[in-house]
Amino acid sequence: MATLCPVAVGSCPWHIPYLSLTSARYCLLSGCPCVQFKVVFDAVYTPRETKLLRDAAATGCLCVDGVAMFVGQAVEQFRLFTGAEEAPVQLMEDVVVGRVTSC
């Protein structure tokens with residue numbers, strides 16, 4: 001399962017309500033059939049730990065937060081712009097975590 005808007009903070013203009021994930025790792029999205037999820041990705045990085053990710057973690061899902069996508073995009077952009085094979089991944093993550101997620 002992936003979500004690209006901050007459902008946890010309710011600021012998405014097309015807010016997608018979701019029911020709590022159960023112990024069987026099921027999530028019912030509005031208008032969608034019940035689907036079992038093992039990995040939940042939320043592209044939101046502020047807050048880093050959203051309600052969706054907390055609920056998913058509580059049911060045993062593997063959770064990926066928006067910082068992972070943010071840094072992954074930065075790494076690829078670094079490679080494309082500089083031609084370098086190695087990007088300063090840890091530095092990029094530290095900057096994102098230190099500046100963006102603390103807003």
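Trainee: How far apart are the end C-alpha atoms of helix 2, and what span should its 17 residues give?
Mentor: Helix 2 covers residues 66-82, and at 1.5 Å a residue those 17 residues should span 24 Å. The end C-alpha atoms are 24 Å apart, which agrees. Keep in mind that this is a predicted model.

Trainee: Which residues of helix 2 are buried?
Mentor: Gly66, Val67 and Val71 are the buried ones in helix 2. They cover an arc of only 125° around the axis, so they sit on the same side of helix 2.

Trainee: And what covers those buried residues?
Mentor: The cover includes strand 4 (39-42), strand 5 (62-64) and helix 3 (89-100).

Trainee: Speaking of helix 3, how far is Asp94 from Val71?
Mentor: Asp94 lies in helix 3. Asp94 and Val71 are 23 residues apart in sequence, and their C-alpha atoms are 9.6 Å apart in space. Asp94 counts as partly exposed because its relative accessibility is 45%.

Trainee: Back to helix 2, then. What caps its N-terminal end?
Mentor: Asp65 does: one of its side-chain oxygens lies 3.0 Å from the backbone nitrogen of Val67. Asp65 lies in the loop between strand 5 and helix 2.

Trainee: Is Asp65 buried or exposed?
Mentor: Asp65 has 16% relative accessibility, and buried means under 20%, so Asp65 counts as buried.

Trainee: What else does the Asp65 side chain make a polar contact with?
Mentor: The side chain of Arg48, at 2.6 Å. If you leave aside the neighbours within four places in sequence, Asp65 is in contact with Phe41, Asp42, Val44, Arg48 and Leu53.

Trainee: What follows helix 2 at its other end?
Mentor: Gly83 follows helix 2, and its phi is positive, near 80°.

Trainee: Let's switch to rings. How many aromatic pairs does the structure hold?
Mentor: The structure holds one. Tyr45 and Phe70 make up that pair, with 4.8 Å centre to centre and 85° between the planes, which is edge-to-face. The pair links distant parts of the chain, 25 residues apart: Tyr45 is in the loop between strand 4 and helix 1 (51-58), while Phe70 is in helix 2.

Trainee: How accessible are Tyr45 and Phe70?
Mentor: Tyr45 is partly exposed, with a relative accessible area of 29%. Phe70 counts as partly exposed too, at 27% relative accessibility.

Trainee: Let's zoom out. How many helices and strands are there, and in what order do they run?
Mentor: The protein has three helices and five strands. Starting at the N terminus, the order is β-β-β-β-α-β-α-α.

Trainee: Last one: what share of the contacts comes from residues 24 or more positions apart?
Mentor: Taking the contacts with a separation of 6 or more, residues 24 or more positions apart account for 47%.

Notes. Residues numbered from 1 in each chain as written. Predicted model: local features only at pLDDT ≥ 70, side-chain atom pairs only at ≥ 80, totals over all residues. Heavy atoms only, no water. Helix = DSSP H or I, 4+ residues; strand = E, 2+ residues; numbered from the N terminus. Expected span 1.5 Å × (residues − 1). Buried < 20%, exposed > 50% of the residue type's maximum accessible area, 1.4 Å probe, protein only. Arc of directions from axis to C-beta. Contact = heavy atoms within 4.5 Å. Polar contact = N/O pair within 3.5 Å; in protein donor to acceptor, adjacent residues only side chain to side chain. Phe/Tyr/Trp six-rings, centres within 6.5 Å; stacked < 30°, edge-to-face > 60°.
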